[in-house]
Amino acid sequence: METKIIYFTVNGRPEQAEFPVDCPAQDVKDLFRSAAEAGPHDILKLYNPKGNIINISPQLTPNSPHSCYKLEVVAADCNSEPLGTELAVALGFDLSSMEKRLQSLEKKILIEAGETPAIVYEMKRQVESFREKLESVEHLSWLGLFKELSEGTHKPSPFYHKRTLRKTREECEHVKEKFLQMSSLEVSEEVRQYLKTPTFDNWQWEDAEIMVLLQVMYTDLDFISTFNIELDVLQQFLYEVYKRYNNIPFHNFKHCFCVTQMMYGLIWLTDLRSKIDCIDLLIMLTSAVCHDLDHTGYNNAYQINARTELALRYNDISPLENHHCAVAFEILEKTESNIFRNLTTEQYKRIREGIIKCILATDMSRHTEILNKFKAILPVFDFSNKDHRDVLMMIMIKVSDISNEARPMDVAEPWLDCLLQEFFNQSDMEKLEGLPVTPFMDRDKVTKPSSQTGFIRFVLFPLFIELANLFPCLEQHIIDPVRKALDYYTEMEKALEREKQNRTQSEKTKPKESNTPKESELQQEMGPALKPSTV
């Protein structure tokens with residue numbers, strides 16, 4: 001019988017597992033669980049030598065003792081259901097009960113049919129395939145819009161908590177090499193038009209491909225010719241920017257791209273090219289590119305309360321945003337990456353002033369101040385008035401910065417998961433250090449839907465509506481999608497509350513049994529807002 005041997009370490013201890021190539025997936029997982037001396041409810045995570053999380057299955061690629069995998073055990077809460085309360089609460093379901101019910105149904109089918117139907121095997125295969133897709137989203141070639149998953153295993157890991165905060169030299173050089181190889185290729189007109197829409201799906205593009213798309217934006221807005229920007233200097237600038245975005249769940253290079261792409265789309269949708277100077281457009285796009293440089297995943301409140309170096313340096317005044325600006329101009333001080341080096345002193349002065357204003361405007365503590373300024377000038381807005389333009393530019397970058405909910409749900413929702421991961425990490429750190437815990441980041445108090453409903457109602461809508469008052473064409477592009485997102489999370493929140501009430505009632509009447517509502521009942525309560533893909 002053909003077997004395969006997998007070499008791995010557990011807490012630094014070398015181990016090896018041998019199993020038949022046709023071994024059932026559960027048997028393989030049990031083998032690793034035994035090697036790790038893990039309990040039945042503990043969660044196992046396996047990482048390849050590159051740090052990517054990989055699935056424990058019979059399809060594991062054989063390795064050698066010199067390229068060991070790393071096995072880690074994440075102990076589940078002893079008071080929780082096997083799949084974890086946190087995940088169930090976040091989704092609004094008792095997943096453990098659902099899993100037990102599915103197992104019961106599968107046994108029932110087996111008894112009645114005498115054998116497991118082929119369709120059950122097919123469904124299991126599809127679920128396994130979907131699991132693998134979830135474990136890596138940076139997987140597609142830039143040559144088409146909707147592309148098949150690569151079979152390769154050497155992909156950057158989306159599990160940022162297992163990567164170093166700063167990018168390694170090897171990681172950066174690899175991405176730069178790919179970027180330079182692709183940068184001379186022609187991007188299709190279909191992709192160029194897609195890039196101008198708020199529906200653009202960032203999850204289809206690797207970092208090197210994203211840098212190519214940023215280069216396209218500078219080219220198609222005529223910045224290259226208008227401001228005499230050499231292509232190699234622009235490429236070096238984009239590479240330096242990429243290097244200075246950290247490996248954190250949300251405020252990373254992909255977020256930089258999303259904000260820049262939304263800004264780019266808004267410029268085209270509102271026909272701003274015919275309304276304001278090209279230099280102001282350059283300010284807006286470059287501000288978006290640089291707006292979160294060297295973000296470490298902890299917000300201003302944490303910086304100030306923890307008395308970090310940034311808070312001390314900037315006297316508690318927008319420490320992060322001031323730092324982002326400083327890093328941006330640190331990059332621009334280098335001749336080889338200074339895309340403004342061929343401009344006049346006056347032009348550079350205007351650009352520097354504009355970029356600083358825009359990036360500092362992304363501090364949410366100034367949200368009401370800036371929005372009120374915009375509302376005050378809106379009835380008499382004049383594109384020829386510099387003060388009016390300055391406020392508009394600040395509003396545009398603010399809208400772009402928090403625009404994820406204006407995107408399709410399958411693009412926006414993964415971003416919310418990333419944001420909550422970063423939030424929860426900060427609140428955990430605040431608790432450990434004895435600092436005030438930021439309420440909307442506390443994993444013990446915040447759920448996925450509750451984190452969004454208030455934010456959309458009281459922050460997104462007021463901001464987006466005012467911009468749409470100046471540009472009515474934006475109603476369908478950013479207001480309608482946000483309204484749908486609010487409906488979606490409101491229904492999810494209601495269903496979660498009903499499910500909690502049902503469980504409480506069930507525990508009172510039948511304390512020894514789990515009477516979680518059936519999936520069909522919960523789906524009926526959620527209505528069309530609950531999409532199968534979300535579950």
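1. Let's start with Tyr 194, which counts as buried because its relative accessibility is 13%. Buried here means under 20% relative accessible area, exposed means over 50%, and partly exposed is anything in between (1.4 Å probe, protein chains only). Keep in mind that this is a predicted model: local features need pLDDT of at least 70 and side-chain atom pairs count only at pLDDT 80 or more, while totals for chains, interfaces and linings use all residues. Residues are numbered from 1 along each chain as its sequence is written, and side-chain values use heavy atoms, with hydrogens and water left out.

2. Which ring does Tyr 194 pair with? The structure has 19 aromatic pairs, where rings of Phe, Tyr and Trp (its six-membered ring) pair if their centres lie within 6.5 Å; planes under 30 degrees apart are stacked, over 60 edge-to-face, and the rest tilted. Tyr 194 pairs with Phe 200: their centres are 4.7 Å apart and their planes meet at 40°, so this one is tilted. Phe 200 is buried too, with 1% relative accessible area.

3. Another pair worth a look is Phe 250 with Trp 415, which is edge-to-face, at 5.4 Å between centres and 80° between planes. This pair ties together distant parts of the chain, since Phe 250 is in the loop between helix H9 (231–243) and helix H10 (253–269), whereas Trp 415 is in helix H18, 165 residues apart. Both Phe 250 and Trp 415 are buried. (Helices are DSSP runs of H or I with at least four residues, strands are runs of E with at least two, and both are numbered from the N terminus.)

4. Rings can also gather in groups: ring pairs join Tyr 194, Phe 200, Trp 205 and Phe 257 into a cluster. Then there are charges over rings, meaning NZ of Lys or CZ of Arg within 6 Å of the ring centre and within 35 degrees of the ring normal. Lys 167 has its charged end over the ring of Tyr 242, 4.5 Å from the centre, and Lys 196 does this over Trp 268 at 3.8 Å.

5. How many disulfides are there? The count is 0, taking a disulfide as a pair of cysteine sulfur atoms within 2.5 Å. For Cys 258, the nearest cysteine sulfur belongs to Cys 256, 9.1 Å away. Cys 258 is buried, at 3% relative accessibility. For Cys 358, the nearest is that of Cys 325, at 9.4 Å, and Cys 358 is buried as well, at 2%.

6. His 367, Ile 370, Leu 371, Phe 374 and Ile 377 are buried. They span an arc of only 135° around the axis, so they end up on the same side of H16; the arc is taken from the directions from the helix axis to the C-beta atoms. Thr 368 and Ala 376, on the other side, are exposed. Helix H17 (386–401) and helix H19 (448–470) are among what covers the buried residues.

7. Arg 244, in the loop between H9 and H10, is partly exposed at 23%. Leaving out residues up to four places away in sequence, Arg 244 touches Leu 293, Asp 294, Val 327, Glu 330 and Ile 331, contact being heavy atoms within 4.5 Å. Asp 410 in helix H18 (residues 409–433) is exposed at 59%. The C-alpha atoms of Asp 410 and Trp 203 are 9.7 Å apart, though 207 residues separate them along the chain.
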